[in-house]
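Me: Please take one part of this model and look at it closely. I would like its packing and the side-chain pairs around it in one connected account.

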Amino acid sequence: SSSTAGHHHTSLPSILPDSPEYQTVGETGKRTLWVVFVIMTLASAAFAGMSWTVPINKRIFHFITTLITIFAALSYFAMATGHGVAYHHIVVNESHPHVPDTEHEIYRQVFFARYIDWTVTTPLLLLDLCLLAGLNGAHILMAIIADVIMILTGLFAAFGAESNPQKWGWYTISCIAYLVVIWHLALHGRAMAMSKGGNVARFFGALAAFTLILWTAYPIVWGFADGARRVSIDAEIMCYAVLDVLAKVGFGAWLLISHATIPEIGLELGGFWAHG
Ligand code: RET
């Protein structure tokens, strides 16, 4: 048998169905989840600490950015301790020459805690970028709603069947929603940031490009891991770990350090956030 869980039935006649294959987290994956939990916790403390160096009416980016790593720490704690994970049952039809087709069953772990995390943190990341650009409420709301649709349809794709359009249909819908998000950032966000000119325009361009490259890696990793099942659970965990640390901690550190050195950032936000 090609099954990884087949050690107990090697002597059974082949007329019996193949036993299911389990694709689950290993030691490396678990250790990676714990490491990222620690990184997110330390980053949350550091970002919160940085907020005390500026007056409260200038802390909106510190507030949003600290929340992003706090939510990530919660999500990684859940996953490291075995919460927020479910088995996705996949039935694959296999055809063989000379003998009847067989059905191969796979149970692959899906860490749905990620999608809960992303539903909250990707809108907050977008909010950071939109406020930096000085985008109006209407465009911010549209970008965030498209983003939430992207994540939730991605969650449905992760549990989608492969015998009908479910999985790749939801994936396609999610990618279209992602294009709507990019549209708002690249078109409206960029135009608003450019109209501010100078340091803010330059910094928005760099941070948005960094975001665009990192975010685009997520659907690619998903395609090889959840999608085509060519990547093990542990490798999937490691890919997302690197991306999450860069997209949340790298992004946040860059934003908050620049906030301290570029005085024009967030100059007009006082009225909305806090007076003083
Ligand atoms: C999925 C799969 C379906 C297609 C698309 C996806 C996009 C996900 C993105 C996630 C970004 C996550 C971040 C997390 C925190 O740091 C859901 C993977 C388009 C863009 C930035």
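Reply: A contact here means heavy atoms within 4.5 Å. Helices (H or I, at least four residues) and strands (E, at least two) are DSSP runs, numbered from the N terminus. The model is predicted: local features need pLDDT of at least 70, side-chain atom pairs count only at pLDDT 80 or more, and totals for chains, interfaces and linings use all residues. Residues are numbered from 1 along each chain as its sequence is written, and side-chain values use heavy atoms, with hydrogens and water left out.

First, the setting. The protein has eight helices and three strands, arranged along the sequence as β-α-α-β-β-α-α-α-α-α-α. Its C-alpha trace spans about 80 × 35 × 25 Å along the principal axes. Of its 276 residues, 45% are buried (under 20% relative accessible area; exposed is over 50%, partly exposed in between; 1.4 Å probe, protein chains only). Among contacts between residues at least 6 apart in sequence, 75% join residues at least 24 apart.

Helix α1 covers residues 27–51 and packs on helix α2, residues 60–80, at an angle of about 160°, with the two axes 8 Å apart. That angle makes α1 roughly antiparallel to α2 (over 145 degrees; roughly parallel is under 35). Axes are fitted to C-alpha atoms over the stretch in contact, and angles run from 0 to 180 degrees between N-to-C directions.

On the α1 side of this contact are Leu-33, Trp-34, Val-36, Phe-37, Met-40, Thr-41, Ala-43, Ser-44, Phe-47, Ala-48, Met-50 and Ser-51; facing them in α2 are His-62, Thr-65, Thr-66, Thr-69, Ile-70, Ala-72, Ala-73, Tyr-76, Phe-77, Met-79 and Ala-80. The contact of α1 with α2 holds 16 nonpolar residues, seven polar ones and no charged ones (nonpolar: Ala, Val, Leu, Ile, Met, Phe, Trp, Tyr, Cys and Pro; charged: Asp, Glu, Lys and Arg; polar: the others, Gly among them).

Helix α1 also packs on α7, here at about 10°, with the axes 9 Å apart. Helices α1 and α7 are therefore roughly parallel to each other. From α1 the contact draws on Glu-27, Thr-28, Gly-29, Thr-32, Leu-33, Val-36, Ile-39, Met-40, Ala-43, Phe-47 and Met-50, and from α7 on Asp-234, Ile-237, Met-238, Ala-241, Asp-244, Val-245, Lys-248, Val-249, Gly-252, Ala-253, Leu-256 and Ile-257. By class, the contact of α1 with α7 divides into 15 nonpolar, four polar and four charged residues.

Five salt bridges are counted in all, each a side-chain nitrogen of Lys or Arg within 4 Å of a carboxyl oxygen of Asp or Glu. One of them joins Glu-236 to Arg-108, with the closest N and O atoms 2.7 Å apart. This pair links distant parts of the chain, Glu-236 lying in α7 (residues 233–261) and Arg-108 in strand β3 (residues 102–110), 128 residues apart. Both Glu-236 and Arg-108 are buried.

Strand β3 also contains His-104, which counts as buried because its relative accessibility is 5%. Leaving aside residues up to four places away in sequence, His-104 touches Asp-18, Ser-19, Glu-21, Ile-90, Val-91, Val-92 and Glu-94. The C-alpha atom of His-104 is 48 Å from that of Gly-189, 85 residues away along the chain. In the loop between β2 (86–94) and β3 lies His-98, a residue other than glycine with a positive phi of about 70°. His-98 counts as exposed, with a relative accessible area of 85%.

Another positive phi, near 55°, belongs to Arg-229, in the loop between α6 and α7. The side chain of Arg-229 forms a salt bridge with Glu-162 (2.7 Å, N to O). Glu-162 sits in the loop between α4 (137–158) and α5 (166–196), and Arg-229 in the loop between α6 (198–227) and α7, so the pair spans 67 residues and links distant parts of the chain. Glu-162 also pairs with Lys-167 (2.6 Å, N to O). Lys-167 counts as buried at 0% relative accessibility, whereas Glu-162, at 32%, counts as partly exposed.

How values were computed. Parallel < 35°, antiparallel > 145°, perpendicular 65-115°, else oblique.
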